[in-house]
Number of protein chains: 4
Amino acid sequence: MKNVAVFGAGRIGRIHSANLAALSGVQLKYVFDPVPAAAADLAQTLGAEVASIETVLADKSIDAVAICSSTDTHSDLISRSAAAGKNIFCEKPVDLSVPRAIACGEAVKNAGVACMIGFQRRFDPTFNNASQRLLAGEIGNPEMLVVTSRDPGAPPVEYMKASGGIFRDMLIHDFDVFRWILCSDGDEAEWLSATASVLTDPAIKAVGDYDSTAVTIRTRKGRLCQINTTRRAAYGYDQRFEVLGSTGMLQCGNHTPTEVVAWNANGIRADKPEAFFLQRYAAAYRLEIEHFFDCLQSGKPFRTTVADGVAAQKLADAATQSAATGQPVQL
Amino acid sequence: MKNVAVFGAGRIGRIHSANLAALSGVQLKYVFDPVPAAAADLAQTLGAEVASIETVLADKSIDAVAICSSTDTHSDLISRSAAAGKNIFCEKPVDLSVPRAIACGEAVKNAGVACMIGFQRRFDPTFNNASQRLLAGEIGNPEMLVVTSRDPGAPPVEYMKASGGIFRDMLIHDFDVFRWILCSDGDEAEWLSATASVLTDPAIKAVGDYDSTAVTIRTRKGRLCQINTTRRAAYGYDQRFEVLGSTGMLQCGNHTPTEVVAWNANGIRADKPEAFFLQRYAAAYRLEIEHFFDCLQSGKPFRTTVADGVAAQKLADAATQSAATGQPVQL
Amino acid sequence: MKNVAVFGAGRIGRIHSANLAALSGVQLKYVFDPVPAAAADLAQTLGAEVASIETVLADKSIDAVAICSSTDTHSDLISRSAAAGKNIFCEKPVDLSVPRAIACGEAVKNAGVACMIGFQRRFDPTFNNASQRLLAGEIGNPEMLVVTSRDPGAPPVEYMKASGGIFRDMLIHDFDVFRWILCSDGDEAEWLSATASVLTDPAIKAVGDYDSTAVTIRTRKGRLCQINTTRRAAYGYDQRFEVLGSTGMLQCGNHTPTEVVAWNANGIRADKPEAFFLQRYAAAYRLEIEHFFDCLQSGKPFRTTVADGVAAQKLADAATQSAATGQPVQL
Amino acid sequence: MKNVAVFGAGRIGRIHSANLAALSGVQLKYVFDPVPAAAADLAQTLGAEVASIETVLADKSIDAVAICSSTDTHSDLISRSAAAGKNIFCEKPVDLSVPRAIACGEAVKNAGVACMIGFQRRFDPTFNNASQRLLAGEIGNPEMLVVTSRDPGAPPVEYMKASGGIFRDMLIHDFDVFRWILCSDGDEAEWLSATASVLTDPAIKAVGDYDSTAVTIRTRKGRLCQINTTRRAAYGYDQRFEVLGSTGMLQCGNHTPTEVVAWNANGIRADKPEAFFLQRYAAAYRLEIEHFFDCLQSGKPFRTTVADGVAAQKLADAATQSAATGQPVQL
């Protein structure tokens, strides 16, 4: 039985807590949240105790912590948890600052603990199936990747101010997908060009951010990746990618709530995609926590490490710079 | 907290047990199975106790039982559980004999307990969504229903011998779908014609059963239903229906493991359907048990009752007779 | 150069005339229609002459005639054209009377001319591709066929009165599809059951016809076919079939005007099918006339003969009888 | 009756000739080709005469010419035809040199003749339907365009040497699609970044060209366009685009030879796209020639003019420069 504590009882903290509480061999022992009522509510629902960070880290029976708190607390909690000898699951990103993210990696390494970063898309059944088939050679050598990543609506402008900008906040996932799909053989980004606009809401411009972006990455081997994103797709949450290889293409579509198709005088209508990430990635969140504990048990390496978090963060920084200057970045 | 016992620790018993054990407010207390090792294994996995039928029925703390044992035990367990004042969830069918199924309904009624029959297709997200949209008037008045219901492979011939035949064993679900979709306004089957063949395995003929069937039902209002089934679809488990209404059609497709589409020189290939009923109806099994306890809690009526089980059984009997004689049956 | 005359300048006559006029090596010489203005208009459009039936048949330079006139004139025109030594393309059906249709076959045989019946669905690119792949063994031995055949709206009741009824007027095509797909190895229908309703317009009932039908056919080899039709599908002209074989299934979908898919807050919407038969079967009409002249040139047999017309007519008669009596028909 | 001459009896010349010969009111009078046998063959097939350029231009009865000869002859033939007072249909591109293309536009303007450039994608039923629905406001204001444009295989390296490079030879169509879809309200490209690789054949690198490209364009209004292309898609000719608007998305899929879907143990397989441009754009080629003569008749403006050709050429030049330097181009 692994004893676990969760830091953060917000939206994503509740998801991870419920998923890990449902795993056999895992016991959710503590919940911490700066808002006591949030911690208490989640702890009660899942039969856990509310505890302070200090209590959690001092409890020798705790094997692992899940860091689901706000982004600005990640690096501190990683360092302290590592120092206390806890294995760590941390929601992306590691940190908005690449140097601090790198420091987290070193803290983890020095402490000899395991640390997984929650890039849940790698656990999406559709995306993961494509990745496995690509690795198995089904389409030969990968050549091009087109990522479509669109949110159904923008977060509050207040949130955006502290988010690090759309490239760090939203495209961080897409940069990880790029590395996962096009760089699995050690290839890496060599050249990145980004451009961006504000097309949906002037308030986004007022805080110095964008709502629409177009990023291109070329790797050392000459592979090409294009990412298109928007904060506001009228039809909902659109998460697709397609990877072209030398002998074929693997195309990943959206998940939909049902397989009902309605035929009438206006056409033939299927479901739009799942509403947002909690729905689309419900299975992915479950599978990534399962993976975390499976690896802790078996000693196998995590699919997503601090190094992946750092690498994605570097791409996000490069894209931010490229969009600001209008010039590409050499990596 | 509702205390529950499960009768039957086979394939479907394990599914229902796991689902009800995961419900908040529900406690799986007892497991019974004629094979002690099966009961012990399931009980241990889910933290329940092994108990005899007698112990279960004598325990006043037990609110409900889930009957997941072999078909020939259903009617006896329903009667005894009802007499003991337990609420009942019973896997389909009620009984292979219509009179015995009717008697079960009376036993339940006399005892004043609640009894739900497990026609899980009514809880499939896709099928249920279509049903709700039909009821909401999206396609006007229903006129025709085409049901495609195909298994990936036949069960052992030994099983088939005791199964009551393909119409009672396999099409019982399709007959319930027919009633659910075409008869929600009180319409009923008036005329049924069935024909059947053995096309996949002579051993099936040797035990007097069929592997391929074609059933047509006309209702009192003149609505038409066609059902086609096979025991062996080479591409897997195929569960679809489409209902034509006066202003449109609702078409229910299969669920697939992923949304990956592979493009190569041979064409564009999507996933085949989920492998079999445990995969396709995983969500449905979960939702029907949830519905059972929701209704127990709220007092709302079940979506599928003994009367539904009896009605489907009558259609299965009529189809069996029609296929044997080559003549239609007036209902 | 083959010289051709067309009998009938109505809707279908105009289609066939335009298609044959566009063929290289074919000259449309004459057009006949009982309505002189119709004949004149078509003749002028395509650079042909208006002529009487007698003139056409007496002209030794005429190699072939295309009979596109009303159904009740087919058998007479076939007999006279055959007697005059003309090769014949005749729109379906041969005749509403099976004996007269058989007599046409004998007239053709005795005269030693070639006669093709226009079952255009066999030339539809999608349906024909499925047929060829079935014959090539792609799905093994055919076992079941499900035909969905729905019109967007009923013809005028006046037309229906003289049409021979829905089975002879509309399902004649579906019966031919059944034979084409399930009976290509010499298998034949053995048992047929039909039922039908009036669900869309009481006026149809008043003239003794139906608007909705459900037909089941079992062949000597035990193959099963189900056909569902309606005169009024709110979403348009729906022409699909799927054939299950021992190793797979071939499923034929509708053709659509475009491949545009619109995503919005209500879902993901594709085109409904082509409006009606002139649009859906535009390519089929072109290809069947091409086939007619190719066969005349090469001496190869036609894909659809008078015998096919007679066989489909017998099934239509059987279905008419079955729907009227409520009893199946042994064939 | 419009009399027409065709310059060029190669692959595309034969397509256009057959299409215009089939139009009512249009007479193909002359065919010219530097290879006499090619001209003679085409002329004979369609009942036209072989003639020299001089003869064509001197013949007062000729209303229009269709320039389907090699790219390097376009500007000369446009100028001479304009000077001779002929209306002009010219295959894309106008000329590989922007200044010469601009000069063509002036020659046409000065001569007062009409000149249409053959960007056939604007006449593809799917693409054109999307364009019309976009213009009708179905998805609100356009924001992003993703164009996937992939050939099934590279042309001979010898051809590539003289082609002007992949951006001018292949993406010229995609640049026109960009302008057609995103700039219909007068918006224009403001910033373009291109990168490219050789991933399929080193011989392409040897002649200084690329086989894989990724282009991003930002317009003055901040709209974003991404184009991805390859010379070699293993699954065939892939021609899609999707345009995101403020209230939805229009997605244009490939055309396929049939609507057959095969289900077997490996999955569910649909047709791959039409083989190459002659198949995919068969309808488009027919419709653009029809449009040309309709406009000549009615005096309405062409959908694609020399100015469109020049604008696309400028984007191709910019992309060529950007890919070579690694720097974006301001337009």
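Analyst: Helix H2 (residues 36-46) of chain C lies across S2 and S3 of chain C and runs at about 160 degrees to S2(C). The axes behind that angle are lines fitted to C-alpha atoms, for helices over the stretch in contact, and angles run from 0 to 180 degrees between N-to-C directions. Helices (H or I, at least four residues) and strands (E, at least two) are DSSP runs, numbered from the N terminus. This is a predicted model, in which local features need pLDDT of at least 70 and side-chain atom pairs count only at pLDDT 80 or more, while totals for chains, interfaces and linings use all residues. Residues are numbered from 1 along each chain as its sequence is written, and chains are lettered from A and ligands numbered from 1 in the order in which they are written.

User: Which strands of chain C are called edge strands, and why?

Analyst: The six strands form an open sheet in the order S3-S2-S1-S4-S5-S6 (chain C), with parallel pairing. Strand S3 (49-50) and strand S6 (115-118) of chain C are the edge strands, as each pairs on one side only.

User: Which residues of H1(A) are buried, and what covers them?

Analyst: The buried residues in H1(A) are A:Gly13, A:Arg14, A:Ile15, A:His16, A:Ser17, A:Asn19 and A:Leu20. Their cover includes strand S1 (2-7), strand S2 (26-32), helix H2 (36-46), strand S4 (62-67), helix H11 (277-280) and helix H12 (282-298) of chain A.

User: Where do the domain bounds of chain A come from, and what makes the two domains touch?

Analyst: Domain bounds come from an automatic or database domain assignment, which for chain A gives domain 1 (2-113) and domain 2 (124-330). Their centres, taken over C-alpha atoms, are separated by 25 Å. Two residues are in contact if their C-beta atoms, placed from the backbone, lie within 7 Å, and the contact takes 20 residues from domain 1 of chain A and 18 residues from domain 2 of chain A. On the side of domain 1 of chain A that touches domain 2 of chain A, helix H1 (11-21), strand S5 (87-91) and helix H5 (98-111) of chain A each supply at least two residues, and H5(A) gives the largest share, six residues. That side has 14 nonpolar, four polar and two charged residues, where Ala, Val, Leu, Ile, Met, Phe, Trp, Tyr, Cys and Pro count as nonpolar, Asp, Glu, Lys and Arg as charged, and the others, Gly among them, as polar.

User: Why is the relation between chain D and chain A given a symmetry name?

Analyst: Copies are superposed by least squares on the C-alpha atoms of residues with pLDDT of at least 70 in both. A rotation of 180 degrees with 0.0 Å of shift along its axis superposes chain D on chain A, with an RMSD of 0.0 Å, and that is therefore the relation of a two-fold axis. In chain D, the C-alpha nearest the axis belongs to D:Gln327, 3.4 Å from it. The same surface serves both copies, for 100% of the contact residues of chain D recur in chain A.

User: How many residues of chain C are in contact with chain B, and of which classes?

Analyst: In this contact, 29 residues of chain C meet 29 residues of chain B. The side of chain C that touches chain B has 13 nonpolar, 14 polar and two charged residues.

Methods: Two strands pair if DSSP finds at least two bridges between them. A residue is buried if 20 or more other C-beta atoms lie within 10 Å of its own, exposed if 12 or fewer, and partly exposed in between; C-beta atoms are placed from the backbone.
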